[in-house]
Amino acid sequence: MPEKIFRMYNSLTRSTETVEPAQAGHLRFYACGPTVYSYAHIGNFRSFLTAVLVLRTAQAIGWKTTYVTNITDVGHLTEDDIADAEGEDRMTKALRSKEGERFANIWDLARYYTNTLLSDWQALNLREPDARPRATDHVAQQIRDVARLLEKGHAYETAQGVYFSVTSFPEYGKLSGNVLSNPLDEGVRDVVQDPEKRDARDFALWKKDPGHLMVWHSPWGWGFPGWHIECSTMAQAYLGPSFDLHTGGEDNKFPHHECEIAQAECLTGKPFARYWLHTRFLQVEGEKMAKSAGNFFTVRELVGSESKGGHGIHPLALRLALISGQYRKPLNFTFDQLQACAKHIQRFEEAMDLAEQGIARSASGKNHLAEPLEGLYDRALDAMLDDLNTPEAIAAAIEGAKLILRSGQELSESPAQSAKTWLDNINSLLGIVRQETLHEAMQSPESNAAEHMFSRQVEELLRQRAEARAQRDFQRADAIRDQLDEMNVEIMDTPEGTRWRRKITGHVS
Ligand code: AMP
Ligand code: ZN
């Protein structure tokens with residue numbers, strides 16, 4: 001394959017750039033994941049899908065990928081986006097709501113919504129990440145990072161918490177444009193509840209709150225971490241101090257990502273992520289999605305069977321609808337469009353059936369499909385390489401499906417083979433032809449997916465520990481061992497390599 005160029009709009013430089021991974025041919029990236037206080041909605045999935053499309057496109061041009069996406073299960077407050085460290089923890093609020101009554105406690109609620117997230121993820125044919133760290137599994141590292149920021153003079157402690165001092169980082173504002181010299185933007189975070197805060201824009205790294213439902217002991221007493229430090233610590237734990245790309249929804253740009261950059265770069269003195277990608281919000285029938293507007297949809301209610309009160313929509317039709325607009329433009333989700341998407345999915349299925357029947361029949365004949373389909377795949381791939389131009393890529397995919405269907409029932413073996421290969425390739429790129437079941441034993445999807453995720457997380461940490469030891473960075477190797485210890489994983493260094501097992505803790509977590 002000739003060398004392909006992947007171009008992407010970088011929110012940090014505000015320009016479209018050629019993506020050049022720091023390690024040639026290996027894209028390493030972090031995508032902000034959900035806060036598991038409720039079912040993820042289709043807007044959340046628009047953002048998660050963008051990250052997975054980056055992954056698929058990178059893999060389509062032969063790149064290696066390391067893709068990390070997190071689960072936020074503590075510290076994300078209701079007012080976090082408008083006023084720092086304000087409002088109630090979303091998890092706590094959910095537990096105290098009517099819907100929260102069915103949960104035994106906050107951990108039970110977190111586990112439930114993490115599991116439902118994972119099954120929605122699979123229903124929409126999203127690829128599994130290489131690691132899916134949970135904020136609550138990484139609190140020891142977050143505490144360590146906060147302590148280091150204090151040591152380095154980038155943070156200070158008050159009676160209510162520990163804050164990052166934005167004036168200690170002159171580059172604060174480089175992502176969002178909310179620069180320190182612009183007094184207008186101070187209003188964004190001007191609701192200051194803590195009178196000891198030195199600057200309205202300083203943000204919480206640690207909240208002191210012994211009465212909170214999820215608390216950890218820290219050098220500053222009992223409390224819990226700030227939402228921003230969770231993501232930058234987890235990203236660096238799995239990808240190192242610097243990596244290629246960081247993604248999220250448009251609302252994450254400020255304050256979340258701006259704050260992540262400040263913390264991370266002050267900690268390491270190195271650039272954090274080089275490319276930043278932000279997905280515009282999904283609207284529903286032309287309006288902002290909101291429970292009060294009655295246009296708030298979760299994946300499960302749309303794809304759930306009608307007999308169980310769902311809308312019975314084909315998950316791939318929903319996926320197609322959610323990726324039908326380029327991620328940088330607002331997307332309007334409508335039921336009419338969903339119907340059109342369902343027709344397209346049916347076309348892909350019929351095309352696949354034709355191809356498989358043709359292969360089985362093994363009749364000989366001229367291959368009239370190879371060349372046009374090849375051209376259409378190139379068109380789809382080139383579109384994706386052009387800042388994820390999904391409308392153009394999908395148009396090429398639909399044209400190909402129609403071309404196969406026009407061949408009629410009597411497809412001979414060689415064009416059938418070309419059609420099948422083409423459909424498989426289109427599916428690898430866009431995930432709209434058929435479900436890629438990663439785990440065959442999906443009868444109990446929630447527990448299997450969670451188990452799989454846990455094992456991959458442990459394996460990745462063991463790999464990083466081995467790397468640290470090879471580089472004689474014993475401090476880092478020990479920190480990773482401590483983290484595994486916190487996850488109740490026991491490791492044994494043997495002449496054949498490092499083995500691991502779960503510790504018997506005597507209680508069911
Ligand atoms: P949250 O669960 O609130 O932490 O959000 C998870 C991800 O979904 C974040 O990256 C958000 O930016 C993104 N997000 C939230 N609402 C929407 C929406 N309506 N459209 C697209 N992305 C969204
Ligand atoms: Zn995040």
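Which residues does Leu320 touch, not counting residues up to four places away in sequence? In this predicted model, the partners of Leu320 are Cys341, His344, Ile345, Ile394 and Ile432. Leu320 sits in helix α8, which spans residues 315–323. Its relative accessibility is 1%. Leu320 therefore counts as buried, the cut-off being under 20%. Cys32 lies 288 residues from Leu320 in sequence. In space, the two are 22 Å apart, C-alpha to C-alpha.

The largest nonpolar core holds 143 residues. Phe6, Ile42, Phe45, Leu318 and Phe333 touch the most other members. Helix α1 (residues 42–60) supplies the largest share of this core, with 11 residues. Both domain 1 (26–279) and domain 2 (450–502) give residues to the core, so the core lies between them. Leu318 is in contact with Ile42 and Phe333, and also with Leu124, Val299, Leu302, Val303, Ile313 and Leu338; neighbours within four places in sequence are left aside. In soluble globular proteins, nonpolar side chains tend to be buried together.

A helix pair was also examined. Helix α10 (residues 370–385) packs with helix α12 (residues 413–430). Their axes are 10 Å apart and meet at an angle of about 5°. Angles under 35 degrees count as roughly parallel, so α10 and α12 are roughly parallel to each other. On the α10 side, the contact is made by Ala370, Leu373, Leu376, Tyr377, Ala380, Leu381 and Met384. Helix α12 contributes Ser418, Ala419, Trp422, Asn425, Ile426, Leu429 and Leu430. Of the residues in this contact, 12 are nonpolar and two are polar. None is charged.

Key. Residues numbered from 1 in each chain as written. Chains lettered and ligands numbered in written order. Predicted model: local features only at pLDDT ≥ 70, side-chain atom pairs only at ≥ 80, totals over all residues. Heavy atoms only, no water. Core = buried A, V, L, I, M, F, W, Y, C linked by side-chain atoms within 4.5 Å. Buried < 20%, exposed > 50% of the residue type's maximum accessible area, 1.4 Å probe, protein only. Helix = DSSP H or I, 4+ residues; strand = E, 2+ residues; numbered from the N terminus. Domains from an automatic or database assignment. Contact = heavy atoms within 4.5 Å. Axes fitted to C-alpha atoms, helices over the stretch in contact; angles between N-to-C directions. Parallel < 35°, antiparallel > 145°, perpendicular 65-115°, else oblique. Nonpolar A, V, L, I, M, F, W, Y, C, P; charged D, E, K, R; others polar.
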